[in-house]
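Please read it alongside the model.

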Amino acid sequence: MTAYIIRRILWQIPVLVIVGLLTFGIAKMTPGGPFDTDPTRRQMSPQVEAVLRDRFGMDLPFWRQFTRYMFLDVVTDPKTGEQAIRWGAIGGNFGPTYSSRGARTVQQELFGERGGKPSRFYYSARLGVQALLFAVLLGIPMGVLAALKQNTWIDYLVLLTSTFFVSLSTLIVGFLLVLIFASGLQWFTVLPNWNDPIRPWILPTIALGSTSLGFITRLTRSSVLEVKRQDYVRTAQAKGLNDQVVVWRHMLKNAVLPVITILGPLSAALITGTLYTEIIFQVPGMGSLLIEAIGKRDYSMIMAGALVFVFFLGLANLMVDIAYGVVDPRISYK
Amino acid sequence: MATTARSASALEELNLTATKPRSLWGDAWRRLRRNKAAMLGITMVFLYVFIAVAAPWLAPKNPVTQTSNNSLRPPIWVTDNPNRQPNPEHILGTDTNGRDILSRLIFATRVSLIVGVVPQIIIVVIGVGIGLVAGFRGGWVDNLLMRLTEIVASFPDLLFIITLTVAFRETLFGKAFNGLLLIFTALAVVGWTSLARLVRGQVLSLKEKEFVEAARALGIPTSRILVRHILPNTLAPIIVAVSFSIPSLILAEAILTFLGVGMRPSVDPANPLPTSLGQMMTDGFNNLSSGPWMLLFPVLLLSTLVISFTFLGDGLRDALDPRDAGR
């Protein structure tokens with residue numbers, strides 16, 4: 001198990017390097033530089049641009065720029081002549097942001113606190129975890145309920161709602177929630193007040209979790225239906241066990257296994273879903289920061305965003321695999 | 001031996017009494033027709049195709065032409081705001097530039113359907129091609145192609161598409177057809193992996209079957225075996241996968257445009273593809289407080305479009321693969 005985990009973690013490194021190379025290469029190929037400004041406004045003087053180009057190392061050959069960004073760079077102190085290693089993205093250093101012209105680093109923007117407010121990362125992470133909890137804690141009971149009441153109106157209602165959630169995706173559910181509850185009924189303000197610990201989180205959590213909720217509900221329902229016919233369940237019932245005990249102790253344990261496998265792909269959907277959920281509900285998280293960076297063509301921010309998102313995706317998949325091994329002792333990793 | 005001979009003749013008799021031999025496709029069609037949700041889905045899809053094709057004749061106004069002093073009119077049944085009375089010429093109201101929302105919706109249906117179909121064709125060509133070759137050839141070809149598939153698939157798809165569209169947005173390629181060409185390419189480049197895996201899996205099991213062995217023994221060339229014997233047998237799962245992938249492509253366009261990396265707005269009144277649902281939703285979202293109907297109608301249209309395709313996909317899956325029915 002430990003060897004397996006280590007191998008999985010090591011496999012993440014080439015994936016991240018390829019992702020970095022791809023985004024880096026694409027960013028380099030793109031016409032227009034980060035210091036191009038609106039031609040109608042005051043232009044940057046050539047001297048200033050030269051200094052900036054030097055600071056960002058933009059005149060170095062491609063491979064040097066990439067290794068410098070991704071891994072490490074040996075920097076020489078101009079006064080003492082001492083050499084030191086400066087780590088790149090693998091050391092959590094994503095470099096300065098282009099849009100601030102080097103005044104702030106990407107990691108400050110992503111993980112740093114801004115004037116006493118929590119970091120961008122905090123908002124995204126909290127939103128993602130809440131959405132996942134919402135989907136799991138509501139989806140499993142709903143799926144079990146539908147399966148136990150198979151072919152009744154409860155079952156049909158649950159199936160219909162979950163099909164809607166699955167097919168509509170976070171975007172439409174988000175818009176519908178805004179239209180109904182914020183714009184129409186005015187239970188929530190369109191402009192959220194983030195000092196409130198609960199209220200502004202409700203709609204984005206539901207929207208982001210809705211697709212996963214639908215998937216988990218449908219999957220739980222079908223796997224409970226399968227387990228229901230198993231011999232050991234009949235044995236448990238024949239022993240005269242209380243229905244509740246049969247459901248929660250005997251059936252659920254096995255029925256929940258497929259749900260764990262689907263959590264990997266679902267966390268991918270959750271992570272990319274934060275991109276537009278954060279825009280719709282104006283959550284000041286990493287997703288909205290990344291979209292802003294796209295608008296400003298802030299390549300260092302875009303690349304860091306892609307790397308961080310892929311990193312957390314790999315982490316989520318790893319945790320799902322481990323959880324699977326813990327829950328089901330029949331599975332062994334080699 | 002005697003028993004098999006008898007059962008064979010019994011089968012023959014049965015066949016004589018039965019009306020007609022049933023083909024796989026005929027069977028599937030019968031099952032599909034019995035599925036109410038799927039029939040509703042098909043009807044709706046045909047309706048949308050008709051709307052998209054006949055858009056210039058159906059739309060009451062030009063979707064791009066702006067009329068002054070006519071902006072942000074609510075739909076005709078909303079009369080409670082004395083400052084903003086509806087204009088009877090615009091049934092679903094107008095947007096911030098005084099453009100007719102109904103006409104824009106009709107034309108946006110076009111873009112959505114095209115986005116659902118064109119990248120899908122590229123995806124099928126790439127995915128089926130790679131899946132067939134990898135599955136049939138095996139060995140290092142299979143290994144190489146599957147590693148490639150794995151790498152593309154390990155990237156979160158939306159993020160990959162965004163990176164591609166951001167990179168090429170300002171090029172000539174990115175500006176072609178209001179940015180639609182770039183969206184098609186990006187969606188196709190990222191979207192083929194699951195289909196390739198599906199086809200490869202099918203081919204792997206099919207190539208061990210007796211009829212393929214027989215074809216090979218007869219000396220039929222590999223390309224012909226692939227096209228005539230293996231491909232038709234993988235069609236059913238491909239059709240199901242395609243019908244599920246169309247709504248996600250339509251949604252992807254809306255998401256990309258909403259994030260500002262999708263289609264560009266057009267001001268040319270003669271443009272056959274002037275706007276998309278994603279664009280209308282973005283406009284509507286930015287004017288949520290002054291004109292919520294600008295967001296509401298495209299959202300409703302997109303929902304029904306996506307749900308119709310989902311119903312159709314569910315129906316096709318149950319019809320073509322009865323083993324999975326009821327899942």
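Axes are lines fitted to C-alpha atoms, for helices over the stretch in contact, and angles run from 0 to 180 degrees between N-to-C directions. The model is predicted: local features need pLDDT of at least 70, side-chain atom pairs count only at pLDDT 80 or more, and totals for chains, interfaces and linings use all residues. Residues are numbered from 1 along each chain as its sequence is written, while chains are lettered from A and ligands numbered from 1 in the order in which they are written.

**Overall fold of chain A**

- Chain A holds 12 helices and two strands, these being DSSP runs numbered from the N terminus (helices: H or I, at least four residues; strands: E, at least two).
- The order along the sequence is α-α-α-β-β-α-α-α-α-α-α-α-α-α.
- The C-alpha trace of chain A spans about 85 × 55 × 35 Å along its principal axes.
- Of its 334 residues, 35% count as buried; a residue is buried if 20 or more other C-beta atoms lie within 10 Å of its own, exposed if 12 or fewer, and partly exposed in between, with C-beta atoms placed from the backbone.
- Among contacts in chain A with a separation of 6 or more, 67% join residues 24 or more positions apart; two residues are in contact if their C-beta atoms, placed from the backbone, lie within 7 Å.

- Helix H5 (residues 120-148) of chain A packs on helix H7 (residues 199-228) of chain A at an angle of about 35°, and the axes are 6 Å apart.
- The contact of H5(A) with H7(A) has 21 nonpolar, eight polar and three charged residues; Ala, Val, Leu, Ile, Met, Phe, Trp, Tyr, Cys and Pro count as nonpolar, Asp, Glu, Lys and Arg as charged, and the others, Gly among them, as polar.
- Arg126(A) lies in H5 of chain A and is partly exposed, because 15 other C-beta atoms are within 10 Å.
- The C-alpha atom of Arg126(A) is 9.6 Å from that of Gly285(A), although the two are 159 residues apart along the chain.
- Helix H9 (residues 243-255) of chain A has Val247(A), Met251(A) and Ala255(A) buried. These residues are on the same side of H9(A) because they cover an arc of only 50° around the axis, taken from the directions from the helix axis to the C-beta atoms.
- The buried residues of H9(A) pack against H5, H7 and helix H8 (231-238) of chain A, whereas Trp248(A), Arg249(A) and Lys253(A) are exposed on the other side.

**Interface of chains A and B**

- In all, 36 residues of chain A contact 34 residues of chain B.
- H6(A) gives the largest share of the chain A side, 11 residues.
- By class, the side of chain A that touches chain B has 26 nonpolar, 10 polar and no charged residues.

**A helix pair in chain B**

- Helix H5 (residues 101-137) of chain B and helix H9 (residues 180-191) of chain B cross at roughly 40°, their axes coming within 9 Å.
- H5(B) passes H9(B) in a right-handed crossing.
- Residues of H5(B), including Val115(B) and Ile122(B), meet residues of H9(B), among them Phe184(B) and Leu187(B).
- The contact of H5(B) with H9(B) has 10 nonpolar, one polar and no charged residues.

How values were computed. Left-handed = near helix turned anticlockwise from the far one by under 90°.
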